[in-house]
Structures are given as structure tokens and as C-alpha cells.
Amino acid sequence: MTATVAPAVGPAGTLVARRTRGRVLLLLLSLAVLALIAVASLTLGVRDIDVATVWQALTAPVAGNVDHDVVLDQRVPRTLIGLAAGAALGLAGTLIQGVTRNPIADPGLLGLNAGASLAVVIAVSLLGVTAPLGFVWFAFVGAAAAAALVFSIGAGQPVKLALVGATVTALITPLITLVLLRDPAAFNTYRFWAVGSLTGRGMETLERLWPFVVVGIVLAGALAHRLSMLSLGDDVARALGQRVGLTRGLTAGAIVLLAGTATALAGPIALVGLAVPHAARRLVGTDYRWIVPLSAVLGPVMLLGADVIGRLVLPHSELEAGVVAAALGAPVLVAVARGKSVAGV
Amino acid sequence: MTALADAPRSPDTAGTPDPGPVEGLRARRRRRLAVVLTTLAVLLVAVATLALTLGEASLAPGRALAALFGAGDAGDVFVVHRLRLPRIETAVLAGAAFALAGALFQTTLRNPLASPDILGIASGASLGAVWALLVAGLTGLAVSGAAFAGAVTVALLIWLFAWRKGLHSIRFVLVGVGFAYLCSSLLAWLLARADVREAQSALLWTVGSVADVRGAELVTLAVAVAVLGTGVAVASRWQAPLALGDDNARALGVPVDAARVVSLLLAVGLVAVATSFVGPLAFVALVAPAIARRLVDDGGAALTVSVLTGALLVLAADVVGQHLLFGIQAPTGIVTGMIGAPYLLWLLATDGRKSLA
């Protein structure tokens with residue numbers, strides 16, 4: 001008996017080990033790509049600065065050196081913001097898709113960005129807030145309110161959820177426009193925020209916000225295993241001893257933390273949260289314990305990558321990260337829509 | 001209106017001597033259709049009359065109507081014919097066009113939520129117009145042309161990418177949502193690039209307003225809507241069978257693929273024409289047919305009811321936006337969105353109980 005079972009365990013064991021090794025390699029590889037993109041983000045731009053000078057600026061900055069000033073005042077903040085916002089967006093999208101079991105969900109599609117935008121507009125126009133630091137709390141509240149509305153109407157029905165999100169966006173957008181048409185100063189502040197960019201926020205915002213990103217990432221990591229169970233269905237998850245309602249609540253909290261922070265940091269960026277989880281799923285399969293960390297790496301790869309691409313496509317000018325990210329994300333949505341799984345949703 | 005929709009259906013024909021169940025049903029439907037159409041038409045005339053009387057120079061209904069037919073003093077005639085009538089005509093034409101397009105999209109794709117707003121066709125038109133205004137520096141009819149081109153281009157791209165061994169409804173919607181995001185992202189970018197004043201006037205364009213269409217433009221709009229509307233009338237005999245599903249429609253002798261292509265082309269044409277003149281009026285194309293379907297439950301006839309509902313919605317939204325919104329002059333598209341989106345949310349929230357299609 002034992003003799004027949006023992007050899008069967010061996011290959012299965014090595015198969016699991018090999019798969020794990022492959023996934024670890026993949027994760028390390030994407031971390032390496034991220035490191036490369038971060039270096040590119042520090043060096044490339046309207047003013048190209050070589051790696052040695054960047055290193056010098058980081059370790060032993062010389063006051064008055066223009067290259068060093070550019071690196072420290074502009075490149076480092078936008079790179080760090082890209083890393084934080086990208087990770088937050090990638091994870092928020094993963095959590096939304098996981099908790100709704102919906103392949104087409106992302107913070108923009110679900111109206112969270114619109115909610116955050118309306119709150120920011122109200123802050124700017126009616127309450128006279130102008131510092132990006134002041135937007136943050138409004139972006140949070142707006143995103144949370146929109147999330148509550150959308151989930152309460154569309155929970156459990158994938159396509160309907162997306163359409164409720166689109167409808168909430170369509171309800172909120174005219175309200176935003178009405179305020180902006182009547183207040184040119186607010187419009188001027190808002191339009192630069194709305195396009196979605198990694199510049200112009202400064203380190204101050206990130207210094208205040210990084211704890212939210214960290215809490216969100218930790219929550220996402222802690223919830224990964226529960227999401228894997230939840231992806232088998234509510235009943236299975238319950239049978240495995242999970243409190244489904246608690247998982248949903250914690251996930252919703254993490255989503256609002258992550259999506260709210262990302263929107264506050266970089267503006268309403270479309271489709272990063274949608275594209276990243278799909279890429280991660282295609283690479284490591286359906287286990288959220290792998291999807292979550294990979295999304296946290298691929299998010300900044302896409303957002304910071306979009307930012308770097310945006311610096312290179314126009315001579316002497318830049319395309320904002322939000323525009324490039326949408327251009328990269330739209331084909332992913334088309335690919336998802338053309339895939340077989342969606343037709344059955 | 002809800003009273004109409006919920007009216008009991010059986011007792012009316014009790015007195016007639018054995019009309020047979022089918023004839024009885026038809027008679028009831030005809031009667032209900034007549035009642036709904038009459039009510040909508042009366043409301044439309046009433047709101048139009050109200051729109052004639054309201055404004056900076058308030059006219060009594062009698063004076064306004066007299067001026068409409070050329071009587072009364074020259075000032076009144078000028079105000080009515082030059083300022084207020086074109087606006088009313090534009091609202092009615094645009095509302096009718098959007099509603100008809102929405103009804104075609106929804107029955108053809110068999111999805112009650114398919115509309116140019118969600119599918120990105122409206123954002124395509126906005127993108128075209130804003131590009132023309134801010135980048136190319138065009139004005140007047142050229143802007144309308146650019147909006148038209150934007151709407152048609154996006155529609156064709158959605159078509160191209162959603163086509164995979166036929167036109168699947170959900171696929172069409174999702175690809176459309178993708179394009180909506182792409183277009184609005186580019187739109188935000190164009191707005192952030194431009195001079196703040198120009199950007200603000202372009203922003204106004206993306207909302208949609210029936211205020212400034214008159215003369216040759218109005219005639220062009222009217223002719224285009226009439227031509228496309230005639231096309232829809234010819235194609236409308238396919239709508240009811242199509243709503244039953246491809247196989248049933250085919251069994252009834254409808255050339256399904258051709259019918260779908262023709263219907264969608266007509267719908268795209270209507271959206272493109274209307275949007276190019278008045279901008280994307282949010283959610284008219286979505287809401288008007290949804291209301292119409294609740295007033296009468298008949299695929300073919302719902303087109304007529306949709307047209308009247310749409311015209312009424314836009315005209316009413318314009319009157320509200322101009323005069324009744326707490327002293328704020330709001331562009332038409334903002335008010336249609338504020339009326340349309342909550343209604344749709346309510347439809348979605350109560351979706352579990354009833355089938356919408």
C-alpha cells in the first residue's frame with residue numbers, strides 16, 4: 001500500500017514546488033522590470049540625466065547643480081508617487097474583481113473616480129480648498145459614498161454592477177460640469193487634477209498619505225487567501241469556515257483606502273485597476289495569494305511605465321500618465337470583451 | 001403615467017360580444033397606444049407653449065400664440081420667431097433623434113442599457129468637437145462636422161472590435177465602455193492643455209445645449225432627422241421580431257444580420273447628426289425608450305412613443321434649465337443627466353422584479 005502511494009506523492013510534490021519556483025521567478029522578474037522602469041523614470045525626461053549623476057544626486061547632492069535639483073525636486077517625487085499610486089490602483093482593481101467575481105470591474109468603471117472627483121470639485125469650488133493635501137479627505141469620502149451606492153444596487157450581478165457604475169458616473173459628471181462652468185478658478189484647478197498625472201503633487205501629499213497605502217497593502221495581503229476561497233462561491237467559502245460578510249466588509253474598506261489614496265495622489269486614472277489584475281491572472285493563475293503581490297508590482301510597472309512613455313512620445317513636452325495609461329488599458333478591455341468568459345457573464 | 005402603465009388590462013372588452021382573445025388584445029393595445037400618444041402630444045404642446053411665453057420678456061400665452069402666427073406687435077414676433085421658436089424646434093428634433101437612436105440600439109442589441117452615452121459614441125463626438133475647437137481652431141459648422149466624424153469613427157471602431165462571428169450584445173457594450181474611457185481620458189487631456197477660457201467654452205460643448213441652433217443649421221438638422229426617421233419607419237417592421245431573439249426573427253422571415261446592420265447604422269446616424277448640432281445630451285437616448293417601453297409594451301409602436309417622450313424630455317429639461325433651476329442657467333445636457341440618471345438607477349435597483357427588455 002505504502003509502496004504504491006509514496007511514488008505518486010513525489011511527482012506531485014515536485015510539480016507544486018516547480019510551479020511555486022516559477023511564480024517566485026516571475027515575481028522577481030517583474031520586480032526587476034519595475035526597478036528598471038524606476039531608474040528610467042529617474043533618468044529620462046525633457047532633460048536626460050545619466051545614472052551616475054542620479055546616484056550622485058541621491059547620495060551626495062551638490063547645492064546649485066541643476067541636474068541634482070531636477071532629480072530631487074521632480075524625478076524622485078513623481079517616481080515615488082507613481083510607485084505608491086500604481087500599487088494602490090493595481091491592488092484596488094484586484095480586490096474589486098475578486099470580491100465581485102467580475103472580470104470587468106475597476107475603480108473607474110464602478111464610479112469611484114467620479115465620486116472622488118465630485119468631492120474634490122466641491123472642496124475646491126464651494127469650500128475654497130486649493131492645497132492637494134486638502135483634496136485627500138474629500139477624495140476618500142467621495143469614493144466611499146460612490147462605492148456604497150454602486151455596491152448596494154449592483155452587488156452580485158457582474159454586468160449590472162458595471163452599468164450601475166457607469167450610470168453613477170453619468171449622474172455625477174453633469175453635476176461636476178455644472179460647478180465647473182460657474183467657477184472658472186475651480187475649473188482651472190480641477191482640469192489639471194482630472195487628467196491624471198504624477199507631477200505637481202509634491203512630496204508633501206505622499207508624506208501624509210503613505211500610511212494609507214501601507215495599510216491598504218497589508219489588508220490586501222491578509223485578505224488574499226479569503227478571496228481565493230470566495231472565488232469558489234459564497235457557499236463554498238462559508239463551508240470552509242469563512243465569514244463571508246466580514247471578508248466583503250474588510251475588502252470594501254481596503255478598496256476605498258487604496259482607490260481613494262490613488263485618486264488623491266494622481267487624479268482619476270482610468271483602466272490601470274482593470275488591466276493589471278488580468279495580466280496578473282494570466283501570469284500566475286487564479287490563486288489570489290499570488291495575484292495580489294503580482295498586482296502590487298505590475299500596477300506601478302504600468303502606471304510609472306505610462307508616465308515614462310508619456311515623457312518620450314512628444315518632443316519637448318509630456319503626455320500625462322493618465323492619458324497613456326488609458327491608451328494602454330483600453331486594448332486590454334477590448335481583449336477581455338473578446339475573450340470567451342465574458343460572453344457567459 | 002404610472003397609472004397608465006399599471007392599468008388593468010382585462011375588463012375593458014367585457015361588454016363586446018366575443019371579439020376573440022387576439023382581437024381583444026389588439027384593440028386594447030391600440031386604445032392604450034392612442035391614449036399614450038395623445039397624452040404625450042398634448043403635454044408636448046403645453047410645454048412648448050410654456051417655453052414660448054417664458055423668458056426675459058414674459059409674454060402671455062395668447063400674445064405668444066398670436067405672435068407665433070405673425071399677428072401682434074413686431075417685437076413679440078421677433079422674440080417668438082427668432083429667439084424662442086428655433087430653440088423649441090431644436091429641442092424637439094434632438095430629443096426625437098436621441099430617443100429613436102436609443103430605442104434602436106436597445107431593441108437591436110436586446111440590451112435595455114445600450115445607449116450612445118455608455119457606448120462611448122457620445123464621448124467620441126465630444127472628443128471630435130473639442131479637438132476642433134481647441135486644437136484645430138474651427139468654429140460653427142466645422143465643429144459640428146468634427147463631432148459627426150468623432151461619433152461615426154468611434155461607432156465603427158466599436159463595431160470592428162466587437163465583431164466576432166456576429167455581433168454579441170455584451171461584447172458590443174464592453175468594447176463601447178472601453179472606448180468611452182479612452183475618449184474621456186483624451187478629452188480631459190485636451191481640456192488641460194488649452195487656455196482656460198477656451199477650455200471652459202469647450203467644456204460647455206461637451207454638455208450639450210439646444211440654445212444656438214437656428215437658420216440653415218436648424219434646416220439641416222430637420223432634414224437629416226426626417227430622412228433618417230423615414231429610414232427607421234421603413235426598417236421598424238423588423239424591430240418587434242428582432243426583440244424576440246435571432247432564431248424566432250429568422251423563423252418569421254426577417255433577414256436578421258441585415259436588419260441589425262441597417263438598424264444600427266440608422267441609430268448611429270441619428271446620434272451623430274443630433275450630437276453634432278446640440279452636443280451629447282446625457283441619457284436621453286437611454287431614458288426615453290425605457291419610459292416608452294413602460295407606457296406601451298409593443299416593440300414596433302414603442303418607437304413612436306419613444307420619439308414623443310424624448311422630445312418632451314429634452315424640451316422640458318431645457319425649460320427647467322433656463323428658468324426653473326433656482327436662478328441658475330443650466331445647459332440642457334446637465335438637466336437631462338440629472339433627470340435621466342436617477343431614473344435609470346431606479347430602474348436598475350428594481351430590475352430584479354421585472355424584465356426590462
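## Contacts along chain A

Let's start with how chain A folds back on itself. Among its contacts between residues at least 6 apart in sequence, 75% join residues at least 24 apart. Keep in mind that this is a predicted model.

## Helices and overall dimensions

What does the secondary structure of chain A come to? The tally is 14 helices and 0 strands, so the pattern read along the sequence is α-α-α-α-α-α-α-α-α-α-α-α-α-α.

Next, the dimensions. The C-alpha trace of chain A spans about 80 × 50 × 35 Å along its principal axes. The radius of gyration of chain A is 21 Å, which agrees with the value near 20 Å for a compact globule, because that is what would go with 345 residues. Of those 345 residues in chain A, buried ones make up 51%.

## Where chain A meets chain B

Now to the partner chain. Here, 41 residues of chain A are in contact with 41 residues of chain B. On the side of chain A that touches chain B, the elements giving two or more residues are α5 (132–154), α6 (158–182), α7 (184–194), α13 (321–338) and α14 (340–343) of chain A. The largest share comes from α6(A), with 14 residues.

Terms used. Residues are numbered from 1 along each chain as its sequence is written. Chains are lettered from A and ligands numbered from 1 in the order in which they are written. This is a predicted model: local features need pLDDT of at least 70, side-chain atom pairs count only at pLDDT 80 or more; totals for chains, interfaces and linings use all residues. Two residues are in contact if their C-beta atoms, placed from the backbone, lie within 7 Å. Helices (H or I, at least four residues) and strands (E, at least two) are DSSP runs, numbered from the N terminus. The radius of gyration is taken over C-alpha atoms; the globule rule is 2.2 Å times the number of residues to the power 0.38. A residue is buried if 20 or more other C-beta atoms lie within 10 Å of its own, exposed if 12 or fewer, and partly exposed in between; C-beta atoms are placed from the backbone.
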